[in-house]
Amino acid sequence: VSAAMTEKPWKRYTGGEAKGFVDEMRLVAMKLHTRQQAQEGEMEAKAPEEQRVEEWEPTLDGYLKFLVDIKVVYDTLEQIIEKPSFPSLLSDIESMGCGADGEFRNTGLERSEKLAKDLKWFEEKGYGVPEASSPGVAYAKYLKQLSEKDPQAFICHFYNIYFANTAGGRIIAKKVAEKILDSRELEFYKWDGELSQLLQNVRDKLNKVAENWSREDKNRCLGETEISFKFYREIVRLMLS
Ligand code: HEM
């Protein structure tokens, strides 16, 4: 275990250098990438999915497993957002005058329906779409439990799951599609509207919600980043199986 993993990474960003809370979440996430994954990464690559994407050897079966499992995660995330059972977060949101509609619904980043379309396409083409496996099921279960007891920590997963897909996810998509999908672009990587604007809207909302949080709430949220990486990486690894 390297120093960056043991020293509680968020401790380095609690001096107020970051402009909004999303910057803090981003800084912690970037440090947890390997040098091979992202320029700002600080970790050493060990597992295959931590190497440069160019060096990956994805398989179609593995990619289908990945899509099925990541869909379980988005399904769950989106169900939680639609019908949350975390009253304290709801009151944060309501106190900002957003009403019962909820701040994080219909952001345009939702992926469940897009993934359903992709899996339907594979099915129609006669590919065997597998059952969900333990990495996706385990992450979904964790998210459900966390959302019921710690909304701030849950928000860390909300941020990482959506933003990872728009950053590294798209890099991975392109390379993998070139290698095994005849460069087919999946719905999973298409957004209705200008993606940069959708992301900025969500950043603004996250920053606003976090303004009401104590430093302790923020640190608990930042501290979840490693857990999000751990779960997400297990699912990404399926592509290489
Ligand atoms: C951003 C690559 C996995 C979360 C980035 C960026 C790259 C990247 C290149 C920088 C984009 C920029 O310049 O702003 C990768 C690769 C991965 C990977 C190749 C291979 C598995 C993950 C995982 C997570 C994650 C597992 C968390 C679950 C994020 C977040 C950002 C990011 C939150 C910031 C996005 C933003 O500011 O808009 N990633 N990443 N990434 N990644 Fe990853």
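Reply: Start with α11, which gives five residues to the shell around the ligand, the largest share.

A word on the source comes next. Residues are numbered from 1 along each chain as its sequence is written. The model is predicted: local features need pLDDT of at least 70, side-chain atom pairs count only at pLDDT 80 or more, and totals for chains, interfaces and linings use all residues.

Now the shell itself. In total, 19 residues surround the ligand. The closest are Ala-38, Ala-164, Ala-167, Gly-168 and Tyr-232. Sorted by class, the shell has eleven nonpolar, five polar and three charged residues. Here Ala, Val, Leu, Ile, Met, Phe, Trp, Tyr, Cys and Pro count as nonpolar. Asp, Glu, Lys and Arg count as charged, and the others, Gly among them, as polar.

Two packed helices are described by the angle between their axes and the distance between the axes. α7 and α8 pack at an angle of about 40°, with their axes 3 Å apart. That makes α7 oblique to α8. Angles under 35 degrees count as roughly parallel, over 145 as roughly antiparallel, 65 to 115 as roughly perpendicular, and the rest as oblique. The axes are lines fitted to C-alpha atoms, for helices over the stretch in contact, and angles run from 0 to 180 degrees between N-to-C directions.

Which residues meet there? On the α7 side they are Ala-164, Asn-165 and Thr-166; on the α8 side they are Gly-168, Gly-169 and Arg-170. Two residues are in contact if their C-beta atoms, placed from the backbone, lie within 7 Å. By class, this contact of α7 with α8 has one nonpolar, four polar and one charged residues. Ala-164 and Gly-168 also belong to the closest residues around the ligand.

Next, the core. In soluble globular proteins, nonpolar side chains tend to be buried together. In this chain the largest nonpolar core has 46 residues. Such a core is a set of buried Ala, Val, Leu, Ile, Met, Phe, Trp, Tyr and Cys residues joined through C-beta atoms within 7 Å. A residue is buried if 20 or more other C-beta atoms lie within 10 Å of its own, exposed if 12 or fewer, and partly exposed in between; C-beta atoms are placed from the backbone. Among the residues with the most contacts inside the core are Met-25, Phe-66, Phe-158 and Ile-235. α2, α3 (60-82), α6 (134-149), α7, α8, α9 (195-210), α10 (215-223) and α11 each supply at least two of its residues. α3 gives the most, with eleven. Phe-66 touches Ile-235, Val-236, Leu-238 and Met-239, leaving aside residues up to four places away in sequence.

Step back to the whole chain. It has eleven helices and zero strands. Of its 241 residues, 30% count as buried. Among contacts with a separation of 6 or more, 79% join residues 24 or more positions apart.

A few single residues complete the tour. Arg-35 lies in the loop between α2 and α3. Arg-35 is partly exposed, because 14 other C-beta atoms lie within 10 Å. The loop between α8 and α9 holds Asp-182. Asp-182 has a positive phi of about 55°, although it is not a glycine. With 7 other C-beta atoms within 10 Å, Asp-182 is exposed. Ser-183 is in the loop between α8 and α9 too. The phi of Ser-183 is near 60°, again positive in a residue other than glycine. Ser-183 counts as exposed, with 9 C-beta neighbours inside 10 Å.

Finally, Leu-119 is found in helix α5 (residues 112-124). Leu-119 counts as partly exposed, with 19 C-beta neighbours inside 10 Å. Leu-119 touches Leu-67, Val-68, Lys-71 and Val-129, not counting residues up to four places away in sequence.

Conventions: Near = placed C-beta within 6 Å. Helix = DSSP H or I, 4+ residues; strand = E, 2+ residues; numbered from the N terminus.
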